Amino acid sequence: MKWVLLAVLFAVCVAIGYVFSMKYKRRVQFYSALILFAQKLDVEINYSRERLKKLIENMDEKTKKNLFGLDKNFLNYLSGSEQLTQEALFKNCPVLKPDEKQMVFLFFKSLGRSDVSGQSKEIGNFLKRFDENLTKCAAENKKYGSLSFKLGIIAGLFVVVILL
Amino acid sequence: MLEGILPDKIFLPIKNKVGFSALNEIRFRADKPVILSQMGQKFFLSDLGKTRSLNEAIFATSSMIEEIIFRASECSIYSVSEQIKKGYIVTSNGVRIGIAGNEVEEGGLVKTMTGFSSVNIRIPHEVNNCSLKAYSSIVTTDGVLNTLVISPPGAGKTTFLRDFVCQLSQRNLPYNILVLDERGELNIGKGLGNYADVISFASKKNGFENGIRSMSPNIIVTDELGEWEDVEAVEYACNCGVNILASTHSDSMDSFLQKSAFKMLIDEKVFKRYIVLSMREGPGTLEGIYDENFSRIMRW
């Protein structure tokens with residue numbers, strides 16, 4: 001019974017470490033997906049001038065998955081069933097800090113509001129800021145992501161040793 | 001039809017109290033009452049439907065107008081910016097929305113339009129068999145004659161052309177018809193039958209050249225000739241042996257004859273039939289059919 005309890009405690013510590021490390025990883029995934037999303041919009045707006053709704057619906061599934069529902073929430077706004085607010089846009093997206101949410105919100109709010117050259121410039125400006133954030137997130141992930149996981153393992157071992 | 005484009009406060013009274021099928025036009029002007037046009041008559045829109053009382057009228061606002069334009073572009077202004085430069089947007093179901101505001105010009109060309117102050121929504125109607133009275137004058141045993149439909153704005157030119165293309169299709173006449181739908185207004189509703197190819201949103205010049213080269217049409221149907229470039233495109237098509245069915249804005253035959261752009265086509269008797277429509281008994285009233293010498297061959 002004692003060994004089972006120790007195993008469970010160890011697993012819990014490792015899981016906590018893993019969850020923390022995933023938080024950093026997901027932020028990197030989110031910004032990578034957002035950059036792909038913005039680049040694809042920029043190319044398609046310049047080339048096909050297809051409507052936003054169709055462009056977003058046709059995004060690949062992996063990109064959509066890593067946007068944590070932002071695409072769906074924005075589509076709800078485009079179809080007129082919801083207002084565009086930060087709460088509505090980020091309701092399934094726990095990975096962003098408040099200032100980052102504000103920036104991403106402004107990006108989505110700017111979509112579809114100007115002509116091709118204006119829209120392209122606006123997307124370009126946001127892309128620079130997303131790139132900067134991706135670099136930061138990648139550095140954080142490298143520094144703290146693996147560290148959190150390792151700390152989880154060490155904490156688990158520490159608890160096991162103490163209880164033994 | 002306009003669900004998702006008009007705000008609920010406008011859409012619901014029209015839908016529930018007036019009915020879109022009864023309307024020809026809805027006009028919004030910033031800080032002015034919303035005006036409905038029905039069979040040539042004007043009314044204000046109120047919460048209870050049509051009214052003549054200004055106190056009951058619903059007033060449009062600048063933000064309402066901007067939102068209508070944004071929604072009409074399916075939240076993608078960039079996709080209709082070329083149309084906005086020309087002063088209109090056509091929605092995916094063929095509703096034409098005229099726009100007024102501040103034009104931004106650069107090098108003599110319209111760059112864009114900002115500060116939208118008015119919109120004019122024209123509700124398209126499918127009127128089955130509206131071209132039948134004129135059908136036998138246009139289609140002869142030799143084929144379809146070059147025909148120009150003349151009418152003031154909103155008097156049913158586009159509806160006439162659309163129905164005529166359907167009439168040809170219903171009779172299984174083996175013509176390849178190319179419909180040049182420059183503004184996206186012709187190819188709506190139930191479509192244009194089994195023999196029509198459609199090129200949308202191209203200028204007359206590009207559409208005629210590309211369409212003749214790629215689709216080998218027998219007949220080209222197009223809306224709203226007006227500029228020199230359009231006339232040249234018609235000449236080009238005639239030289240290629242393609243028949244033309246087109247329309248143009250004019251209040252009457254007399255005012256049409258004053259249009260200098262058409263002088264060459266008139267002198268060369270390119271069009272064999274002129275069909276004049278008016279609003280006298282509502283949109284689509286057939287006033288007369290004329291031959292190439294402007295002799296009236298039918299009147300009502």
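How many residues of chain A are in contact with chain B, and how many residues of chain B are in contact with chain A? In this predicted model, 14 residues of chain A meet nine residues of chain B.

**Stop 1: the contact between the chains.** Select the side of chain A that touches chain B. Helix H2 (52–57) and H7 of chain A each supply at least two of its residues. By residue type, this side divides into four nonpolar, four polar and six charged.

Next, select B:Ser81, which is placed in helix H3 (residues 81–86) of chain B. Leaving out residues up to four places away in sequence, B:Ser81 touches A:Asp115 and A:Val116 as well as B:Thr112. Is B:Ser81 buried or exposed? B:Ser81 is buried, because 21 other C-beta atoms lie within 10 Å, and 20 or more are required for that label. A distance may also be displayed here: the C-alpha atoms of B:Ser81 and B:Gly207, 126 residues apart along the chain, are separated by 20 Å.

**Stop 2: two helices of chain A.** Select helix H1 (residues 2–47) of chain A together with helix H7 (residues 116–163) of chain A. Their axes come within 8 Å and cross at roughly 170°. H1(A) is therefore roughly antiparallel to H7(A), since the angle is over 145 degrees. In the contact of H1(A) with H7(A), 32 residues are nonpolar, 14 polar and five charged.

**Stop 3: the nonpolar cores.** In soluble globular proteins, nonpolar side chains tend to be buried together. The largest nonpolar core of this model has 59 residues. Those with the most contacts inside the core are A:Leu34, B:Ile68, B:Ile69, B:Ile89, B:Ile99 and B:Val119. H1 of chain A gives the most to this core, with nine residues. Centre the view on A:Leu34: apart from neighbours within four places in sequence, A:Leu34 is in contact with A:Leu67, A:Val104 and A:Phe130. A second, separate core has 46 residues, including B:Cys130, B:Cys166, B:Val221 and B:Ile275.

**Stop 4: the seven-stranded sheet of chain B.** Colour the strands in the order E4-E3-E2-E1-E7-E6-E5, which form an open sheet with antiparallel pairing. Which strands stand at the edges? Strand E4 (49–51) and strand E5 (88–90) of chain B do; each has a single partner strand, so one side of each is left without a neighbour in the sheet. From one strand to the next, the twist averages 40°.

Within this sheet, E1(B) and strand E2 (residues 35–38) of chain B run antiparallel and are joined by three bridges; B:Arg27 has B:Ile35 in E2(B) as its bridge partner.

**Stop 5: a loop residue.** B:Ser21 is found in the loop between helix H1 (8–18) and strand E1 (25–29) of chain B. B:Ser21 is exposed, with 8 other C-beta atoms within 10 Å. Its C-alpha atom is separated by 8.0 Å from that of B:Ile123, 102 residues apart along the chain.

**Stop 6: strand E11 of chain B.** Finish at strand E11 (residues 177–181) of chain B, where five of five residues are buried. B:Ile177, B:Val179 and B:Asp181 point one way from E11(B), and B:Leu178 and B:Leu180 the other way.

- E11(B) pairs with strand E12 (residues 196–200) of chain B in the parallel sense over five bridges; B:Asp181 stands opposite B:Ser200 in E12(B).
- E11(B) also pairs with strand E13 (residues 219–225) of chain B in the parallel sense, over four bridges; B:Ile219 in E13(B) is the bridge partner of B:Ile177.

Notes: Residues are numbered from 1 along each chain as its sequence is written. Chains are lettered from A and ligands numbered from 1 in the order in which they are written. This is a predicted model: local features need pLDDT of at least 70, side-chain atom pairs count only at pLDDT 80 or more; totals for chains, interfaces and linings use all residues. A nonpolar core is a set of buried Ala, Val, Leu, Ile, Met, Phe, Trp, Tyr and Cys residues joined through C-beta atoms within 7 Å. A residue is buried if 20 or more other C-beta atoms lie within 10 Å of its own, exposed if 12 or fewer, and partly exposed in between; C-beta atoms are placed from the backbone. Two residues are in contact if their C-beta atoms, placed from the backbone, lie within 7 Å. Axes are lines fitted to C-alpha atoms, for helices over the stretch in contact, and angles run from 0 to 180 degrees between N-to-C directions. Angles under 35 degrees count as roughly parallel, over 145 as roughly antiparallel, 65 to 115 as roughly perpendicular and the rest as oblique. Ala, Val, Leu, Ile, Met, Phe, Trp, Tyr, Cys and Pro count as nonpolar, Asp, Glu, Lys and Arg as charged, and the others, Gly among them, as polar. Two strands pair if DSSP finds at least two bridges between them.
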